Amino acid sequence: MTVQTIGDVVFGDEITPWQPDTSLQATRSFAHAVGYSGSGRFEDHSKARAQGLPGALVPGIMGMGFLTSMIHRWAPRGKIKHIDTVFRAPVLADHEHTVTAVVTDIDEELGEVVLDLTILNAQEETRVFGTATVHLPIA
Amino acid sequence: MTDIDDLRSKFLDLEFDRTGFVIDAEQSATVAKTSGETRSEFIDTTDPNFEACAPILASLASGRRLPIDFPKLGGISMDGGKAVACIKPVRPGIKLTGKTHLHDIYAKSGRSGRMIFLVSRMQLYDDSGEHLATTDSRQVIRERPDK
């Protein structure tokens, strides 16, 4: 499901859930690009475990990337004005996670939608949550 | 116990860091692609509307994490989250200046004790002084019981 204009958005709608790529290859590339590489915590399970972590992690801001990517697919003409993400618990690399969002507010005059955002692990435990304000064309 | 009101009165809204950045287009595209982005303006560096994606803006780090005279709070510090406000598209390759201040300091108490939240806000400007974006970094410190 995609939306093109503010008129397409329905209060309470859930954006189609999505399983992002949390593979070590992806987290390694991401960590390298943002300058987080070297410690192993995003690149290597055994190095991460040696640091007391349960395994290699998905960088917190990569979770933000998963959420913005989902919003952009849902609203191809939308512009994210603001996104706020709370890192509640680690997102483990090589583990299945689901990214979801629900429409919680619509301002038809301003063309703005507020979304509640969540990243869940396979046990349906919240790892990341947040909100986004997205601007959509009015017509 | 740390006096939150005292910290707020002494440190909020005072710029404590100014750092220059230039975002690399290929790095921003890699960040977007590995996050699952599909829109051309974030993944195709030849797109005339190519712009830096939100996660790479959130990755920009100030030279100092806290004001130079900010007291040591002890305890375990964790990355509590990030926020990005996009005001104008940030084009890779241009000079950016990030001006950082403490935007908020607050505490929450729970069964395991008190957590102190420090929100550092970086405002990103281009060379002409136009405000392009704002990023917030939320640092969480679990207070030691004896503090």
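This is a dialogue on a predicted model and on the terms applied to it.

Modeller: The model is predicted, so that local features need pLDDT of at least 70 and side-chain atom pairs count only at pLDDT 80 or more, while totals for chains, interfaces and linings use all residues. Residues are numbered from 1 along each chain as its sequence is written, chains are lettered from A and ligands numbered from 1 in written order, and side-chain values use heavy atoms, with hydrogens and water left out.

Colleague: What makes up the secondary structure of chain A?

Modeller: Helices (H or I, at least four residues) and strands (E, at least two) are DSSP runs, numbered from the N terminus. On that basis chain A has 3 helices and 5 strands, in the sequence pattern β-α-α-α-β-β-β-β.

Colleague: Which order do the strands of the open sheet have, and how are they paired?

Modeller: Two strands pair if DSSP finds at least two bridges between them. The open sheet has 10 strands in the order β1(A)-β3(A)-β4(A)-β5(A)-β2(A)-β2(B)-β5(B)-β4(B)-β3(B)-β1(B), and the pairing is antiparallel.

Colleague: Why are β1 of chain A and β1 of chain B called edge strands?

Modeller: Each of them, β1 (14–18) of chain A and β1 (15–22) of chain B, pairs on one side only. Neighbouring strands of this sheet are turned by 20 degrees against each other on average, direction ignored.

Colleague: How do you know that β1(A) and β3 of chain A are paired?

Modeller: The criterion is at least two bridges, and 3 bridges join β1(A) to β3 (residues 97–107) of chain A, the two running antiparallel. Within this pair, Ile15(A) stands opposite Ala101(A).

Colleague: What does helix α3 of chain A lie across, and at what angle to β2(A)?

Modeller: Axes are lines fitted to C-alpha atoms, for helices over the stretch in contact, and angles run from 0 to 180 degrees between N-to-C directions. Helix α3 (residues 60–74) of chain A lies across β1, β2, β3, β4 and β5 of chain A together with β2 (76–86) of chain B, at about 145 degrees to β2(A). Helix α1 (residues 4–11) of chain B packs on the sheet as well, touching β3 and β4 of chain B, and its direction makes about 165 degrees with that of β3(B).

Colleague: Why is Glu51(B) called buried?

Modeller: Buried means under 20% relative accessible area, exposed over 50%, and partly exposed in between (1.4 Å probe, protein chains only). Glu51(B) has a relative accessible area of 12%, and is therefore buried. Its place is in the loop between α3 (40–43) and α4 (54–59) of chain B. Contact means heavy atoms within 4.5 Å; not counting residues up to four places away in sequence, Glu51(B) touches several residues, including Lys79(A), Phe42(B) and Arg91(B).

Colleague: How much of chain A counts as buried?

Modeller: Of its 139 residues, 52% count as buried. In chain A, residues 24 or more positions apart account for 63% of the contacts with a separation of 6 or more.

Colleague: Which classes of residue line the largest pocket?

Modeller: Ala, Val, Leu, Ile, Met, Phe, Trp, Tyr, Cys and Pro count as nonpolar, Asp, Glu, Lys and Arg as charged, and the others, Gly among them, as polar. The lining accordingly has 25 nonpolar, 16 polar and 9 charged residues.
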